[in-house]
Amino acid sequence: MDRTFLEELNKRRTFGIISHPDAGKTTLTEKLLMFGGAIQMAGAVKAKRAGRYATSDWMTIEKERGISVTTSVMKFNYNGFEVNLLDTPGHQDFSEDTYRVLTAVDSALMVIDSAKGVEPQTEKLMEVCRMRNTPIMTFINKLDRDGLSPLDILADIEEKLQIECAPLSWPIGMGKRFRGVYNLYHRQLHLFTAGGQTRHQEGVLITDLADPRVDEMLDSQAGELRDDVELLEGAANPFELDQYLKGSQTPVFFGSAINNFGVRELLDAFVEMAPPPKARATTTRMVSPEEPAFSGFAFKIQANMDPAHRDRIAFVRICSGKFTRGMKVFQTRVGKPVTLSNATIFMAQDRTHVDEAYPGDIIGIHNHGTISIGDSFFEKERLSFTGIPNFAPDHFRRVRLENPLKAKQLLKGLTQLAEEGAVQFFRPMSGNSYILGAVGVLQFDVTMARLKAEYGVDAAYEPVTFAAARWVTSDDRKQLEAFEKDMYASLAHDSQGKLAYLASSLWRLENAMEEWPGIDFHKTRELA
Ligand code: GDP
């Protein structure tokens, strides 16, 4: 493999941010982009923040595709590294989208509010990271406010997220007494001045905390810092790069995103320690990023809201080889070659002048519904990447079509929305209805609005008594046949024709699982 290819590959850092709403993800993203010189993007991130909560706002924002498409992938250059930050939707109703974005990253950054510790959404996202042993770096935010003690936060993370913490920086006080952070790794002191400065202050190099300058700078808090550091040196987990890369230890940094404090340190450590693109599994073998032949998979699809142009952008993560515009690749699910001429390469500053991209980069492919989430693209072989999941929905609704003549349009719309991952649908084996399934209820409103706007279908949804869905398979054909016969009334096929069991209560689900030990009930389904 030629040297420039390997150099390009090794300087890629592709990651996503996981956090509970309000922890400071948007603020941190803006600061990271500023360091990366992509300042013009910061406004776009802000614009999105306004519409986080209400459906109507979400729809309006989504209409401004310009914003949401560009903020889906934020690429910037920092210290010679090519950083791809993939946006994860903040609203928990779109968490399925977030889960899938996390399949396309090589590492994650976890933001935690120092006053709140680990929150529910963080826990869920962490579960997804654990499925792939994604390395996670942690930023404890809002130290300019009074919060939990740093040791309590670390204990909370270790207990709730079952991951070892290795603090690489340590805060000196908090709230009004917040004086800065001591970098345990480089043994440097960074003093804090409030006020949202964009420039980072140079640290004061202190190799020995006994240095009298520490007392000059920190007065009475110098003693506290010395005690803390002594305690940490005895009791804290030492940072181990391989443990971090395996996903079993998280290096922890403290700071205040809004004041831009501690962000630079975090970014410096991130580009240095976070992994470059990793090998990925297919149904038959691992694909190394160093392989010269191009490969990639679609992890997100975004539709154009303008009904006149029903085109969609598929976001494809490059897994191996070099992408060049106009190249021919094989789309495994469809079994056909496609020419990638209509591709956008996401580069924050210089989008138009780039004709090639490398593993870790994301390309956007315009298409008219020919690409589904989970689709694999290979230059030479016909392989399928694994690990891009559909999650069993928690919420269900029955679709009511207002105009029966639109049945065909309804099916088309629902199929495309399901391919995009916007919603799931099931067709019960008995009857002729459509059951929608979603991880978050807001997805139903968005589905109805989009059916109308993009497919001209007036539909409504009504409650239905389902509480859980599981995809079912079995190695035992006879068992499966018996199960199908017996459970006929509770079985359905999803948009890809896969068999699913819809249970009216969790209790019933448990019962069925006990009664049918030869049947496998799956909470996730791999898309391929
Ligand atoms: P997101 O929901 O995780 O994207 O959070 P945002 O970045 O929108 O931040 C949520 C709120 O916390 C906003 O009002 C921010 O101004 C505020 N915030 C973010 N970082 C800090 C910080 O370091 N200190 C304080 N005091 N507030 C912060």
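Which residues have the most contacts inside the largest nonpolar core? Hi everyone, let's find out together. This is a predicted model, where local features need pLDDT of at least 70, side-chain atom pairs count only at pLDDT 80 or more, and totals for chains, interfaces and linings use all residues. Residues are numbered from 1 along each chain as its sequence is written.

A nonpolar core is a set of buried Ala, Val, Leu, Ile, Met, Phe, Trp, Tyr and Cys residues joined through C-beta atoms within 7 Å. Buried means 20 or more other C-beta atoms within 10 Å of a residue's own; exposed means 12 or fewer, and partly exposed is in between, with C-beta atoms placed from the backbone.

Here, the largest core has 97 residues, and A108, L109, A298, V316 and I363 have the most contacts inside it. Its largest share, 6 residues, comes from strand 15, residues 312-320 (a strand is a DSSP run of E, at least two residues, numbered from the N terminus). At least three residues come from each of domain 1 (16-62 + 108-273) and domain 2 (280-378); the bounds come from an automatic or database domain assignment. A second, separate core has 33 residues, including A418, V439, F444 and A492.

Now, is M286 buried or exposed? M286 counts as exposed because it has 10 C-beta neighbours inside 10 Å. This residue lies in strand 13, residues 286-287. Leaving out residues up to four places away in sequence, M286 touches A279, R280 and A281, where contact means C-beta atoms, placed from the backbone, within 7 Å.

How values were computed: Helices (H or I, at least four residues) and strands (E, at least two) are DSSP runs, numbered from the N terminus. Two residues are in contact if their C-beta atoms, placed from the backbone, lie within 7 Å.
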